[in-house]
Amino acid sequence: PTQQKIVSILEKAEQAKEMRKEADKLTKDFLKSVFMEMFRDKMKFDKVKLGDIARLTMGGTPSTSVKEYWENGIINWMKSGDIKGEFIYSVPNRITKLGLDNSNTEIYPIGTVVIALNGQGKTRGTTAILKLNTTSNQSVAGILLDKNKSFPEYVHYDLKLRYRELRNLTGDEERSGLNLTILRNLPIILPPIELQNKFASIVKEVESIKEQQKHSKEQIDKL
């Protein structure tokens, strides 16, 4: 009887895990559907260049032969491989103030949309929104938006849904990277700021749901 009880609990836990996977997938697809519904009628909106609504810049790498640029660093520093998911809450690497001052990198503030200019595999063309202040190497571009013209959530999802298009701008080879000139001239549909704000609010609500789902998954795994 004890074994039967254990088996029953395990079966329920497995079912819960499968349901959680499905819920996670539906949540992921939901935002894509909302975006398409809100902004699919592109003829209604103005078309601008990305450079018209944002300042684009890319990072740099302090010399790795100078230990003072890296040892005991407290300034976040990211690479293109760190661009994963919708939001970036942490990065593994740090540089010092001396490293910052002696390289081409700069600090991107929270809310910056970042895009991988190049990288291994599927990395090139991926985007995310920063939830921390960080610098980066030269394989990452920061898209610092004019807040009066656009919301990061809108721009991120627009670029995310155009992932294949972005990669094809330079040919889909591993060594062919994007650059700031290409991105500045990239056409982008610009809906009214109020509509973008509405979409941003939905993104924040969904992100809260996803955080709850994450805790739920951890509890199921523990069980």
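## I193 in helix α7

I193 sits in helix α7. The model is predicted. With a relative accessible area of 25%, I193 is partly exposed. Helix α7 covers residues 193–222.

Which residues does I193 touch, once its neighbours within four places in sequence are set aside? The partners are K147, N148, K149, S150 and F151. I110 is another matter: 83 residues separate I193 and I110 along the chain, and their C-alpha atoms are 19 Å apart.

## Helix α4 and its cover

Helix α4 spans residues 152–161. Eight of its ten residues are buried, so the helix is mostly covered, buried being under 20% relative accessible area. The buried set is P152, E153, Y154, V155, H156, Y157, D158 and L159. Charged residues are included in that set: E153 and D158.

## Where α4 meets α7

Helices α4 and α7 pack with their axes 8 Å apart. The angle between them is about 80°. The two helices are therefore roughly perpendicular to each other.

On the α4 side, the contact is made by E153, Y154 and Y157. On the α7 side, Q196, F199, A200, V203 and K204 take part. By class, this contact holds five nonpolar, one polar and two charged residues. The spacing of such contact residues follows a general rule. An α-helix has 3.6 residues a turn, so residues three or four places apart point the same way.

## Where α4 meets α1

Helix α1 runs over residues 2–39. Its axis comes within 11 Å of the α4 axis. The crossing angle is roughly 100°. That makes α1 roughly perpendicular to α4.

Which residues of α1 and α4 meet? From α1 come L31, K32, F35, M36 and F39. From α4 come Y154, Y157, D158 and L161. Sorted by class, the contact of α1 with α4 has seven nonpolar, no polar and two charged residues.

## Salt bridges

How many salt bridges does the count give? The count comes to seven. Side chains of opposite charge can pair when their charged atoms come close.

The side chains of R162 and D158 form a salt bridge, 2.9 Å from N to O. Are these two residues buried or exposed? Both R162 and D158 are buried. Shared partners extend the pairing: salt bridges join D158, R162 and E165 into one network.

E106 and R55 form another salt bridge. Their closest N and O atoms are 2.9 Å apart. R55 belongs to strand β2 (residues 54–58), while E106 lies in the loop between α3 (97–101) and β6 (113–116), so the pair ties together parts that are 51 residues apart in sequence. E106 counts as partly exposed at 22% relative accessibility. R55 is partly exposed too, at 44%.

E37 pairs with R40. Here the closest N and O atoms are 3.5 Å apart. E37 is partly exposed, with a relative accessible area of 49%. R40 is exposed, at 58%.

## T105 in the α3–β6 loop

T105 lies in the loop between α3 and β6. E106 lies in that loop as well. T105 is buried, with a relative accessible area of 7%.

What does the T105 side chain reach? It reaches the backbone oxygen of S136, at 2.8 Å. Neighbours within four places in sequence aside, T105 is in contact with G59, G60, I95, L100, T135 and S136.

## The protein as a whole

The protein has seven helices and ten strands. Its C-alpha atoms fill a box of roughly 70 × 55 × 35 Å along the principal axes. Buried residues make up 43% of the 223 residues.

Among contacts with a separation of 6 or more, 77% come from residues 24 or more positions apart.

Note on methods:
Residues numbered from 1 in each chain as written. Heavy atoms only, no water. Salt bridge = Lys/Arg side-chain N within 4 Å of Asp/Glu carboxyl O. Buried < 20%, exposed > 50% of the residue type's maximum accessible area, 1.4 Å probe, protein only. Helix = DSSP H or I, 4+ residues; strand = E, 2+ residues; numbered from the N terminus. Polar contact = N/O pair within 3.5 Å; in protein donor to acceptor, adjacent residues only side chain to side chain. Contact = heavy atoms within 4.5 Å. Axes fitted to C-alpha atoms, helices over the stretch in contact; angles between N-to-C directions. Parallel < 35°, antiparallel > 145°, perpendicular 65-115°, else oblique.
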